[in-house]
Amino acid sequence: MATLRELKGRIGSVASSEKITGAMKMISSAKMHKAEGLLRQLRPYRDQVELIIANLLNSDATFESPLMTPHATVSSVAVAVWGSDDGLCGAYNINIFKQLLVKLQELRQTLGPDVKITILPVGSKIAKAARKLQMPGVECEPVTDVDSKSTDVRSFAWTLRDGFLSGKYDRVEVVYMSYKSVSRQRLEALQLLPVTTGAIEGLGNRKGADRPYIFEPSAEAIFAHVLPMYLLAVVQDIFTENRASEQAARVMAMQSANDNAKKLHDQLQLEFNKLRQQAITTELLDILGGQVK
């Protein structure tokens, strides 16, 4: 049975842990709100790019782009997956890794067992897990120019684009955590390249896309320049949503740890009070016993 001194020491340790988790929760919450602000800043740019594409689609021109042209055969697929560089975020990276395994299995089923799959992990935690994968035809290629905290993602977006255009990859898929709110994040797995016709045509229904425009030099030339901008906007959104989702997961993990520490603190305090009361009662009985004698 623990002594009063041991219980007092444990109570002090738990109280310190409670303060630490509370502070870490506040820090993660501030970082999450900063990422939310970045998402709001990025939204007008992406909205404007999508509106331009919508107006182009509503014109009489016919559009073609190598970014939208599927390769004749799909023998090589790149899967870019986003995780975190830091820990203490609960099951965040585990859930993303599970979704990655599901995506790999889907690619095997739809494209056949001979397709070569290259995993491009963003974030040291997910990279460490991806390197341990022992699957035939699947290799992990390190990403050195960006990490999960990067804000300048242009080089990574163009790496994916150039890899597709050069034929290194016949398809580019992405797996990441989409941010909805502090308590809700959703795993996303979608095709980035080639840009699907459905994704582009869906922009044609945007509000404001029915205004009359004059395109100079031509609608086709503008479309060829705007589509890479759309690709970059999507990649920027993925990076920012992943960063916000990571911090939201860390907020929830620290809240859970703080609640557990508080619960343990209350239990130890109750045990300490009972033991102290028992010691006081024993001393009083000893005193009364001595007086009777």
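Two residues are in contact when heavy atoms of the two lie within 4.5 Å. In this predicted model, Asn93 is in contact with Gly83, Ser84, Asp86, Lys125 and Ile126, leaving aside its neighbours within four places in sequence. Asn93 belongs to helix H2, which covers residues 92-111. With a relative accessible area of 13%, Asn93 falls under the 20% limit and is therefore buried.

**Surface patches**

Lys125, a contact of Asn93, also takes part in a patch of positive charge on the surface, together with Lys128, Arg131 and Lys132. Within this group, Lys128 sits in helix H3, formed by residues 124-131. The relative accessible area of Lys128 is 49%, so this residue is classed as partly exposed.

A nonpolar patch on the surface is made up of Ile280, Leu284 and Ile287, which together have about 270 Å² of accessible area. Ile287 is part of helix H6, residues 219-292. Ile287 is partly exposed because its relative accessible area is 48%, a value between the limits of 20% and 50%.

**Salt bridges**

The structure contains 14 salt bridges.

| Side chains | Distance (N to O) |
|---|---|
| Glu50 and Arg46 | 2.9 Å |
| Lys103 and Glu173 | 3.4 Å |
| Glu246 and Arg250 | 3.1 Å |

Glu50 and Arg46 are four residues apart in helix H1 (residues 4-57), so about one helical turn separates them. Both Glu50 and Arg46 are buried.

In helix H6, Glu246 and Arg250 are likewise four residues apart and therefore separated by about one helical turn. Glu246 counts as buried at 2% relative accessibility, and Arg250 counts as buried at 7%. Elsewhere, salt bridges with shared partners link Arg43, Arg46, Asp47, Glu50 and Asp237 into one network.

Note on methods:
Residues are numbered from 1 along each chain as its sequence is written. This is a predicted model: local features need pLDDT of at least 70, side-chain atom pairs count only at pLDDT 80 or more; totals for chains, interfaces and linings use all residues. Side-chain values use heavy atoms; hydrogens and water are left out. Patches are made of residues with over 30% relative accessible area and no salt bridge: like charges are joined within 9 Å, nonpolar side chains (Val, Leu, Ile, Met, Phe, Trp, Tyr) within 5 Å. Accessible areas come from the Shrake-Rupley method with a 1.4 Å probe; for residues, only the protein chains shown count as cover. A salt bridge is a side-chain nitrogen of Lys or Arg within 4 Å of a carboxyl oxygen of Asp or Glu. Lys and Arg count as positive and Asp and Glu as negative; His and the chain ends are not counted. The place of a charge is taken as NZ of Lys, CZ of Arg, CG of Asp or CD of Glu. Helices (H or I, at least four residues) and strands (E, at least two) are DSSP runs, numbered from the N terminus. Buried means under 20% relative accessible area, exposed over 50%, partly exposed in between (1.4 Å probe, protein chains only).
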